Amino acid sequence: MFEQSDLELKGRFYQLNSRMDVSNLLEIDDKSLRYFLYAIKPEEAYRVFKIKKKKGSFRTLCAPTQKLKAIQKKLAYILNLIYKPKICAYGFIKDKNIVDNALNHTKRKFVLNIDLKDFFTQIHFGRIRGMLLNPPYNLGTEAATVIAQISCFQGALPQGSPVSPVLTNMICKPFDNQMMSFCKKHGVQYTRYADDITLSTFKDGFPALICNTNPSNDIRIGKELNKIISSNGFTINEDKIFLNSRRTRQEVTGLVVNQFPNIKRERIKELRSILHHCDKDFYETARLYIKKGFCKNANISSKVDNDDYQDEICAWCKLVLKGKVSYIKQVKGESSLTFYHFAKKLNAICEEEVFNLSEFANLFEKIDNSVFILISESNPEKYMQGTGFFAKDYGLITSFHVTENGDFFKGYKHTYYPNNYEFVIGKELNELNSNETIDYALYDYHPDACNGFGLGDSSNLKIGQKIIIIGYPNYAAGNTPYVQTCHITSKKPFLGAPLCTVSGRIVHGASGGVVLNENEEIIGIIKGGIVSLSEDDINENQGFVPIHCVLEHLKN
């Protein structure tokens, strides 16, 4: 980005003393810098507009002019070289995202969410200037003043400027230090994503100095926590304090964390509905989406009733949908069947390759046709569910304990509908072989026109080896298979048979699912899950039975 090296830029930053030093560092003429600082009116340097939030209120954004934005981008680049992110900070930081933030708070008994009110506007000119004047920066008075002037609009950080995010993190560094120390002392996990603060604990509650609930269940922030927040120049948004136990839905930066970082179900349903309507009439769906207030682009919104701009509106809508599907990919991973199906649908609607799915198409087609939900409906009072998979040349394989009660089990694809099952299995009906110690059962079922997964070599598995596990944990109608890429963590005997434990989390319902190696060959059967992904402890015996144990038993 610059002719100067990053190391040179960092060195020069700490030597800044005058306005001329700042202009030289930013590689602009001092005359041009003075124009933006003193000649142009602030209201002419920014375009101010409001976007509607989900709950009806509005967020004010201040977009700098192109020339000022270019200066701020250079300054932001340099400040990002200077700022050393705290381990607890996740917003606006390279190689960190909302998923990383949410991972800190999974499997907790309690999660506390706090929002800082008017976060950007509380970071004003004086705070930025004072920070730069003091250690560890120690800039000259004029240089610190100029940088604060470049960064601020109407006396505070504008939301919409490229330099605002890094400055908020720099300002929050002392606050983050205090919060980490305070929370560590009380056995609480703390992270901050911009103005979103999250605290979580494995304990049965937070200490009163962090928060408590009164008899009417109103959440009260404790005096000590409130003191740290207020002493750092911030105010809590009283309308955005949430305390949730593991028995309720826990969220962190928009992701559900009871089980693992996951997308809210209503968000998935909303995207499915939008794509369904786009498939029927893309342009009219885009116009309706804009008219409902979901468009943040004022230029596009102004053209919604003019058919001369149909191509432009459709191009904008395609970018929005691509962003929504990319969000699923970011959260669930590129090996997620949910991502694959939405990406495939968008490609078909747009009649172009918005997402390149060639690498995954074969795997997901096999999953669609070879991995099944097994549900016993013979006893209405006791719902039984597991997973099974088709192994080429052998039949349907599942865990012994899934079908050991002798009930009839219906096998469904993930597009589950009552009575729309693919097959029925039962010990007396079509079981070919089974073994309780190894924990497998083989049934006589061969899907039409399905090659299934081939068998791999599981006799020489290595600790640290990368694997893919596929199953249906705690299945609910409409769920896609849970596909995890993880690693083997140990090999040991368990209940008389070999067991490979894994770094992923296995939950009841996934038992009987398939484990693949990197060549997408079967190397095991999922075994030993926990009751719920919201449990605090991880069963040390969750893993899989190597498939060669099954093959050896079948030969005898």
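At what distance from the ring centre of Y90 does K96 lie over the face? K96 lies 4.4 Å from that ring centre. A charge is taken to sit over a ring if NZ of Lys or CZ of Arg is within 6 Å of the ring centre and within 35 degrees of the ring normal. R267 also has its charged end over a ring, that of Y327, at 4.0 Å from the centre.

The model is predicted, so local features need pLDDT of at least 70 and side-chain atom pairs pLDDT 80 or more, while totals for chains, interfaces and linings use all residues. Residues are numbered from 1 along each chain as its sequence is written, and side-chain values use heavy atoms, with hydrogens and water left out.

**Aromatic pairs**

Rings of Phe, Tyr and Trp (its six-membered ring) pair if their centres lie within 6.5 Å; planes under 30 degrees apart are stacked, over 60 edge-to-face, and the rest tilted. The count by this rule is 18 aromatic pairs. F13 and Y14 form an edge-to-face pair, because their planes stand at 85° with the centres 5.6 Å apart. F260 and Y482 are stacked, with 4.6 Å between centres and 15° between planes. F260 is in the loop between β10 (255–256) and β11 (262–263) and Y482 is in strand β20 (residues 482–494), so this pair ties together parts 222 residues apart in sequence. Helices (H or I, at least four residues) and strands (E, at least two) are DSSP runs, numbered from the N terminus. Ring pairs also join F119, F120, F175, Y190 and F234 into a cluster.

The table gives the accessibility of the paired residues, where buried means under 20% relative accessible area, exposed over 50% and partly exposed in between (1.4 Å probe, protein chains only).

| Residue | Relative accessible area | Class |
|---|---|---|
| F13 | 0% | buried |
| Y14 | 32% | partly exposed |
| F260 | 14% | buried |
| Y482 | 24% | partly exposed |

**Sheets**

Two strands pair if DSSP finds at least two bridges between them. Seven strands make an open antiparallel sheet, ordered β16-β15-β12-β13-β14-β18-β17. Its edge strands, β16 (423–425) and β17 (431–435), each pair on one side only. Within this sheet, β13 (residues 384–391) and β14 (residues 395–398) are joined antiparallel over three bridges, and A391 stands opposite G395 of β14. Helix α17 (residues 358–370) packs on the sheet and touches β12 (371–376) and β13, contact meaning heavy atoms within 4.5 Å.

A four-stranded open sheet has the order β4-β5-β3-β8, again with antiparallel pairing. β4 (189–193) and β8 (236–245) are at the edges with a single partner strand each, so one side of each has no neighbour in the sheet. Strands β3 (residues 110–116) and β5 (residues 196–201) run antiparallel and are joined by six bridges; F110 is opposite T201 in β5.

**Helix α3**

In α3 (residues 30–39), D30, L33, F36 and L37 are buried. They lie on the same side of the helix, because they cover an arc of only 130° around the axis; the arc is that of the directions from the helix axis to the C-beta atoms. K31, Y38 and A39 are exposed on the other side of α3. The cover over the buried residues of α3 includes α2 (19–26), α5 (66–82) and α8 (141–151).

Terms used
Axes fitted to C-alpha atoms, helices over the stretch in contact; angles between N-to-C directions.
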